[in-house]
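Subject: Structure for you to look at

Hi there,

Here is the structure I promised to pass on. Please open it alongside this note, and my findings follow below.

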Amino acid sequence: MIKPFFGRYNFAYSMISDTEKAAINESFRRVQVRIYRQFRKNPDLHALLFLIGMRELGRLKKKFTKEEKQYLMHIAVCRLLSEEGYYELEGIDQDGWPHWIPTQKLPVIPPEEQEYLLKKQIIRYFAAL
């Protein structure tokens, strides 16, 4: 459990070891290379979330509004965290957009650790394709 220090996280304590971080970064880089080869663009974390969101939506569109782009990234995060049991697909609305419901409270972890959790799930997601 990470204890807050004056409203901030104590970054001296980490749930992920340096070795695991290095392994995650290396695997994540391989995912980035795979996507680069397909689209000829170097994707960062946000671009990969957007791509996963579009794939989960199941339709392509030339242009998405800013709000739709944010929602696509939200869909991706919910889809990825569903693998950890934090979200469950509630259903698809009349416009074809998926809706997720939380199934358990997310742990309070520092932003860097959140990034590694997402990277780990992105690696798993693309490994399954």
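Before the rest, some ground rules. This is a predicted model, in which local features need pLDDT of at least 70 and side-chain atom pairs count only at pLDDT 80 or more, while totals for chains, interfaces and linings use all residues. Residues are numbered from 1 along each chain as its sequence is written, and side-chain values use heavy atoms, with hydrogens and water left out.

**Confidence**

The protein chain has a mean pLDDT of 89, and 89% of its residues reach 70 or more; pLDDT is the predictor's confidence in each residue, from 0 to 100. Residues 1-12 have pLDDT below 50, and this stretch makes 15 contacts in the model beyond near neighbours in sequence, a contact being heavy atoms within 4.5 Å. Where pLDDT is low, the predicted coordinates should not be read in detail.

**Overall layout**

Four helices and four strands make up the secondary structure of the protein chain, in the order β-β-α-α-α-β-β-α from the N terminus. These are DSSP runs numbered from the N terminus (helices: H or I, at least four residues; strands: E, at least two). Of the 129 residues in the protein chain, 33% are buried. Among contacts with a separation of 6 or more, 52% come from residues 24 or more positions apart.

Strand β3 (residues 87-92) pairs with strand β4 (residues 98-102) in the antiparallel sense, over five bridges; two strands pair if DSSP finds at least two bridges between them. Y87 has P102 in β4 as its bridge partner. Five residues lie between the strands of this hairpin, and G96 takes a positive phi near 90°.

**Helix α4**

Helix α4 (residues 111-127) has 17 residues and spans 24 Å from first C-alpha to last, close to the expected 24 Å at 1.5 Å a residue. That expected span is 1.5 Å times one less than the number of residues. Buried residues of α4 include Y116, L118, I122, I123 and F126. Their cover includes α1 (18-39), α2 (45-57) and α3 (66-82).

**Salt bridges**

I count a salt bridge when a side-chain nitrogen of Lys or Arg is within 4 Å of a carboxyl oxygen of Asp or Glu, and the count comes to seven. One of them joins the side chains of K21 and E112, at 3.5 Å from N to O. This pair links distant parts of the chain, with K21 in helix α1 and E112 in helix α4, 91 residues apart. K21 counts as buried at 12% relative accessibility, whereas E112 is partly exposed at 38%.

E56 forms another with R79, where the closest N and O atoms are 3.6 Å apart. E56 lies in helix α2 and R79 in helix α3, so the pair ties together parts that are 23 residues apart in sequence. E56 is partly exposed, with a relative accessible area of 26%. This brings us back to E83, whose side chain meets that of R79 in a salt bridge at 2.9 Å, N to O. Through shared partners, salt bridges join E56, R79 and E83 into one network.

Best wishes

Conventions
Buried < 20%, exposed > 50% of the residue type's maximum accessible area, 1.4 Å probe, protein only.
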